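Please read them with the structure open beside you.

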Amino acid sequence: MNTPGSATFGPEGFTTSPQNFYVNGAVISMDHSVLFDMAGRGNPALSGPGAPTDSTSSAGHGARGAGVGGGAEYGSKEFPALPGSGGNTGQGGGVVTILACTSLTFNAYVNVAGLGDGSGGSVLIFAPNMTYNAGQASIDASSKGTGAGGRIAIITPVDISTLQYSVQDHGPAGTFYQDATIVTKTFRYGCGDLMTTTATATTSALNSQTTSAVNSVTTSSYFAITTSAFDSATTSAFHSATTSTLDSATTSALNYVTSSMVNMGITISQNAYTNIGLFCFLVVILF
């Protein structure tokens, strides 16, 4: 069962007994009247990866089965998802998976025990926030005969030290595992879809901030570089133009003055020679 919102089981009572029960939602509430009865709903006799290899031994799962030909240990203690194996006559337990992506109120009774020499099944619970009543909530993944216990994993940062659970009855003990590292397990345990919106919003905000910062720095650098280059080019051009204009004007003025002075000198010289010649002519006539 997948529900993006809330899922409530009880108080009118809820009982299910398939081989595998799965629920994934944001907020999940399970009343004390809720019973997940998957005892013996796993693999039938002499089947499953932990089936015994002789007639006097039992099935394995969270541990190797009892006896010389005890069935093999299998599955993951961190991500239990497999049913128990059948023994020579008994059946393995079923599977219950509860993924509450925001919060879980857990007051149910979950039974995935193996029957006879069958092994216990699997229970996986994921909840960033979890509340329960120690006198009501209970999980049983043991074997009610000589089979090995199954596996229970609860991923929550909440203290669950008073939660009632069992992974062993008469046979070898199964495994109980708790992990508080919720963030790193979010997508692995099936809450990725619900977290996508938050992740997208966070990524969008981050991209917006990054773009803004980059644009700000780029614009600032651009104007700083452009202004510097402009000032440098303008100053260089100004000095070049001014020097060129000054040199040109000075040269022109100097040439003009020099030419004028030379021309004036020639004129004066010519006038002087004319006057001297006239004076000598008059002197000759008079004498």
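1. In this predicted model, N107 has a relative accessible area of 13%. That is under the 20% cut-off, so N107 counts as buried. N107 is found in the loop between β5 (95-106) and β6 (109-111).

2. What does N107 touch, leaving aside its neighbours within four places in sequence? The residues in contact with N107 are M30, D31, H32, Y132, N133, Q136 and A137. For one of them, N133, there is a further detail: a polar atom of the N107 side chain lies 2.6 Å from the backbone nitrogen of N133.

3. Of the 12 residues of β5, 10 are buried, which means that the strand is largely enclosed by the rest of the structure.

4. Which strands pair with β5? Strand β8 (residues 130-132) runs parallel to β5 and is joined to it by three bridges, with T105 opposite T131 in β8.

5. How many aromatic pairs does a search of the whole structure find? The search finds two. One is formed by F21 and F36 and is tilted, with 4.7 Å centre to centre and 45° between the planes. This pair links distant parts of the chain, 15 residues apart: F21 belongs to strand β3 (residues 20-30) and F36 to strand β4 (residues 34-37).

6. Are F21 and F36 buried or exposed? F21 has a relative accessible area of 7% and is therefore buried. F36 is buried as well, with a value of 0%.

7. Y165 and F176 also form an aromatic pair, and this one is stacked: the distance is 3.8 Å centre to centre and the angle between the planes is 15°. Y165 lies in strand β11 (residues 164-166) and F176 in strand β12 (residues 175-179), so the pair ties together parts that are 11 residues apart in sequence.

8. The relative accessibility of Y165 is 40%, so Y165 counts as partly exposed. F176, with a relative accessible area of 27%, is partly exposed too. In contrast, F21 and F36 are buried.

Notes: Residues are numbered from 1 along each chain as its sequence is written. This is a predicted model: local features need pLDDT of at least 70, side-chain atom pairs count only at pLDDT 80 or more; totals for chains, interfaces and linings use all residues. Side-chain values use heavy atoms; hydrogens and water are left out. Helices (H or I, at least four residues) and strands (E, at least two) are DSSP runs, numbered from the N terminus. Buried means under 20% relative accessible area, exposed over 50%, partly exposed in between (1.4 Å probe, protein chains only). A polar contact is a pair of N or O atoms within 3.5 Å; within protein, one must be able to donate a hydrogen and the other to accept it, and residues adjacent in sequence count only if both atoms are side-chain atoms. Contact means heavy atoms within 4.5 Å. Rings of Phe, Tyr and Trp (its six-membered ring) pair if their centres lie within 6.5 Å; planes under 30 degrees apart count as stacked, over 60 as edge-to-face and the rest as tilted. Two strands pair if DSSP finds at least two bridges between them.
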